[in-house]
Amino acid sequence: MHRRFLLLGILVLILSCGKDDKREKEIAEIPVEVRISRFDREFARATPDSLPKMKQEYPYLFPRQFADSVWVLKMNDTIQQEINREVAAAFPDLEETTEELHGLFQHIKYYFPHAPVPHVVTLTSEVDYRNKVIWTDELLLISLDTYLGADHHFYMGIQTYLKKNFEQEQIVSDAAAAFAEKVVSRPKAREFLAHMIYYGKMLYLQDRLIPFKSDARKIGYTPEELDWAKRNEEQIWRYFIEKELLYDSDTQLYTRFLYPAPFSKFYLELDQEAPPKLGQYVGWQIVRQYMDRQEVPLQEMLETDAETIFKKSNYKPKKS
């Protein structure tokens, strides 16, 4: 009997891989154009005389309440000039990022055919790491000075858990996450489970949109943090169940297990070892198991409530 189930499992895996390969071949044929404007480079070369033309070309980057004198001062600011030099050195071209954005846009077109392909504009933001990527309907703004490498001297004083993702390899993952925020509805319920599933949907969407990126990049973990989460998934789940957290509406649980932080807070000795966002990680695995079992269209899953996803997933954490 055990052998029979094993063979069945292998057959399902082979069929699933074949389906995925066929889908990826179809996606690779979708024509999309990646249009990138290097505003960061243009502003670095700008003069007071060229400012009017820049304002006309990028009106959304020049709020009307600021006089031209503000931008002239910024052009001549020594800190801004250093930012310009560092970004120019780190990003002489965007060949790899452009290729990955092309893949992202193709996947979006496959699953969301009516979604417009945004005009990509790269800029600097004085290391505004809370707004590394902004996605509107027509624009994708990317602050290159937040992707200079975790050890860059600009980031001295910023906590490690934040700057570990200030890497060029993270740009497209952040872009995919920004798109996911646009299409995944926030939960109305306050229960911990509803918010776990919300983030699980966001991460599963990244599975579909950027399959060429590692799981660590999708969730913003180091490889070591992802390995810890995998090895301890069963223990994490047991803690959530024993403490009766799934239907708890205490918003402190979001801070402890869902939001970026140095680590997740179990209030145990293992806290210093535990990566942050373990509630997101578990929600991701629940959604993955739901999709593996139900095989419903992506859009249907995104519209399905958390309770249904949880029950039909028949979630069982992987044992280490």
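A: Begin with a term: a salt bridge is a side-chain nitrogen of Lys or Arg within 4 Å of a carboxyl oxygen of Asp or Glu. The model is a predicted one, where local features need pLDDT of at least 70, side-chain atom pairs count only at pLDDT 80 or more, and totals for chains, interfaces and linings use all residues. Residues are numbered from 1 along each chain as its sequence is written, and side-chain values use heavy atoms, with hydrogens and water left out.

Q: How many salt bridges does a search of the whole structure find?
A: The search finds 16. One of them joins the side chains of E234 and R238, at 3.9 Å from N to O.

Q: Where do E234 and R238 lie?
A: Helices (H or I, at least four residues) and strands (E, at least two) are DSSP runs, numbered from the N terminus. Helix α12 (residues 233-242) holds both E234 and R238, which are 4 residues apart, about one turn of the helix.

Q: Are D215 and K218 buried or exposed?
A: Buried means under 20% relative accessible area, exposed over 50%, and partly exposed in between (1.4 Å probe, protein chains only). Areas of this kind come from the Shrake-Rupley method, and for residues only the protein chains shown count as cover. Both D215 and K218 are buried. By comparison, R238 counts as partly exposed because its relative accessibility is 37%.

Q: What do the side chains of D20 and R23 form?
A: They meet in a salt bridge of 2.8 Å, N to O. D20 and R23 are separated by about one helical turn because they are 3 residues apart in helix α1 (residues 2-28). D20 is partly exposed at 29% relative accessibility, while R23 is buried at 16%.

Q: What contact does the side chain of H152 make?
A: A polar contact is a pair of N or O atoms within 3.5 Å; within protein, one must be able to donate a hydrogen and the other to accept it, and residues adjacent in sequence count only if both atoms are side-chain atoms. The side chain of H152 makes such a contact with the side chain of E86, at 2.8 Å. H152 sits in the loop between β4 (139-143) and α7 (160-163), and its relative accessible area of 13% makes it buried.

Q: What should I know about phi in general?
A: Most residues other than glycine have a negative phi. In this structure, V127 has a positive phi near 55°, and Y267 has a positive phi of about 60°. V127 is in the loop between β2 (119-123) and β3 (133-135) and is buried at 15% relative accessibility. Y267 is in the loop between α13 (252-257) and α14 (278-294) and is exposed at 58% relative accessibility.

Q: Which residues gather in a patch of negative charge on the surface?
A: Patches are made of residues with over 30% relative accessible area and no salt bridge, with like charges joined within 9 Å and nonpolar side chains (Val, Leu, Ile, Met, Phe, Trp, Tyr) within 5 Å. Lys and Arg count as positive and Asp and Glu as negative, while His and the chain ends are not counted. The place of a charge is taken as NZ of Lys, CZ of Arg, CG of Asp or CD of Glu. Here the patch gathers D93, E95, E96 and E99. D93 lies in the loop between α5 (78-90) and α6 (95-111) and is partly exposed, with a relative accessible area of 44%.

Terms used:
Areas by Shrake-Rupley, 256 points an atom, 1.4 Å probe, with all protein chains shown as cover.
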